[in-house]
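Please consult the sequence and the three-dimensional view while reading.

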Amino acid sequence: MRIFALQTALVTFLHAPSLVRGCMEFKPGNIVLTSEDQDLQLSEEWNFLSHNGKCQLTFENDGNLSLERKRNASGEWKTRWESGGGHDTSMNFFLSLNKRGKLTIYEMKDETKKVVFSTNEAALTGEEADKYVLGIGVYTPEEYGGSSQKCDLRIQSFSGGVCTEEWVNLCGDVQENVVMRSDNPDARRFHAGEENAHVAKNGKCRLHLKNDGNLLLEGRKTKKGNWMTYWESGGGHSTDGYYVAALTKQGNLLVFNENDGHKQVVFSTNTGTFDPSISHELSILTPRDTYENIKTVPCRLQILNSPNEESSDRCSERWTNIKDNEFHPFPTWGKFDPSLTTYDVLQKGEMFVKGQFNAGCAGDNIPKCGNLDCPYLTLYLDPTCNLVMFDGPTLAERGNTIWSADIQGSNPDDCYLLADIGGVKLFEGKYNKKREDAGEKLGTEIYKLYDPTEPENFYHVRLCNSGPQV
């Protein structure tokens with residue numbers, strides 16, 4: 001079953017030229033549903049194909065809405081996004097876009113509705129737009145400034161001939177593997193054990209909570225290879241505990257022991273000081289091997305503002321365990337509120353991986369791996385709070401140590417490295433984003449790097465043979 005009548009009816013309406021907050025209007029043939037249509041009832045598995053045949057939306061008989069993109073070379077369909085299925089296939093499922101721009105999937109039983117997926121409402125009562133439209137966003141790289149054909153699901157509003165983007169299902173052109181969502185009570189936590197591990201869609205990365213409270217990001221070269229540790233939160237706790245990983249409503253990733261009815265936190269990203277009204281997602285990111293000739297890490301974790309947000313800060317990164325080519329005091333993209341991000345800090349156990357680092361390093365200061373330039377360098381704040389730089393992109397592929405701060409001391413319980421306008425500073429103590437933004441004293445400074453030759457108000461961390469420079 002396909003929908004064509006509503007597409008034809010909307011072609012004239014949607015072609016009024018207008019751009020607000022980066023809104024790119026849907027092309028004819030890509031409109032799925034509007035707020036003026038009746039709810040779409042699933043009577044059999046339903047497919048909707050984009051006008052160019054490159055993107056496909058499928059409403060499956062278990063209530064799952066999935067978006068797929070066709071590979072140019074093989075013609076194979078690859079899943080880009082899913083709302084989540086696994087519901088009773090004997091139920092009647094409906095897809096709805098209401099008068100306030102909220103997309104809902106619900107099941108109906110005995111005239112009772114049960115919501116199985118929904119976005120936020122785009123407007124408050126009395127502030128609704130004239131019309132809301134759900135469609136497939138198919139745009140060429142030239143149209144949106146990317147590197148490949150875009151294929152996503154969007155909700156747009158129209159008022160007075162002005163188009164506004166209200167919701168998009170994907171953040172960026174990378175394959176996302178959502179592990180937890182802060183706005184879904186059924187998807188905010190998972191327990192220790194290999195049977196509960198979350199495996200990325202490419203089969204080469206997984207998030208695994210061990211029975212000693214150690215949260216591991218693991219990887220392998222092939223789908224049948226052995227798992228290797230790429231990153232770890234830190235274990236060594238009692239194996240008699242009952243460990244849980246959870247994403248709080250405030251956007252904080254925690255590992256805690258729930259034994260005997262008490263919660264003992266053994267790991268925290270310390271990112272839970274943000275607005276609790278904004279929802280968040282924890283994902284495993286598996287980007288391309290290369291992007292504009294810049295090498296990227298095999299996989300990493302990311303907490304970000306959910307794309308299910310009305311604000312311009314949707315998709316803003318809140319935290320990552322492995323900073324991939326970006327570590328600096330100021331955001332280079334100039335798009336997001338700096339108070340929402342942690343791009344300028346490495347907490348204990350976190351890493352900064354650089355795949356193209358020669359810019360800024362010259363002569364003998366260019367790191368070498370044998371007689372060749374190193375393909376990757378990693379700056380690692382290790383569990384003893386020593387700062388080291390090694391050859392390789394992950395803990396499993398750690399090669400020679402290129403540089404070490406050789407910090408001797410008391411091995412503090414916690415520490416963090418802050419990229420500040422005065423240099424790179426290592427502090428003893430727990431990171432506190434709210435205090436940092438307020439300019440308060442953050443703790444005992446135990447190490448510091450300077451580079452006074454850097455131009456004023458432009459600082460970034462680069463990795464050279466003599467160590468990190470700012």
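In which sense do E1 and strand E10 pair, and over how many bridges? E1 and strand E10 (residues 131-139) run antiparallel to each other and are joined over 3 bridges; strands count as paired if DSSP finds at least two bridges between them. Helices (H or I, at least four residues) and strands (E, at least two) are DSSP runs, numbered from the N terminus.

The model is predicted: local features require pLDDT of at least 70, side-chain atom pairs count only at pLDDT 80 or more, and totals for chains, interfaces and linings use all residues. Residues are numbered from 1 along each chain as its sequence is written, and side-chain values use heavy atoms, with hydrogens and water left out.

**The sheet**

E1 and E10 belong to an open sheet of 4 strands, in the order E1-E10-E11-E12, with antiparallel pairing. Strand E1 (31-34) and strand E12 (162-168) are the edge strands, each pairing on one side only. From one strand to the next, the twist averages 30 degrees; axes are lines fitted to C-alpha atoms, and angles run from 0 to 180 degrees between N-to-C directions. Threonine 34 has valine 133 in E10 as its bridge partner.

**Aromatic pairs**

Across the whole structure, 9 aromatic pairs are found. Rings of Phe, Tyr and Trp (its six-membered ring) pair if their centres lie within 6.5 Å; planes under 30 degrees apart count as stacked, over 60 as edge-to-face and the rest as tilted. Two of the pairs are tabulated here.

| Pair | Centre to centre | Angle between planes | Class |
|---|---|---|---|
| Tryptophan 231 and tryptophan 319 | 6.4 Å | 65 degrees | edge-to-face |
| Tyrosine 416 and tyrosine 431 | 5.3 Å | 65 degrees | edge-to-face |

Tryptophan 231 lies in strand E18 (residues 228-232) and tryptophan 319 in strand E26 (residues 317-320), so their pair ties together parts that are 88 residues apart in sequence. Tyrosine 416 belongs to strand E35 (residues 415-420), whereas tyrosine 431, 15 residues apart from it, is in the loop between strand E36 (423-428) and helix H3 (433-437).

**An exposed loop residue**

Threonine 125 is in the loop between strand E9 (112-118) and E10. Threonine 125 counts as exposed because its relative accessibility is 64%. Its C-alpha atom is separated by 7.4 Å from that of arginine 100, 25 residues apart along the chain.

Key: Buried < 20%, exposed > 50% of the residue type's maximum accessible area, 1.4 Å probe, protein only.
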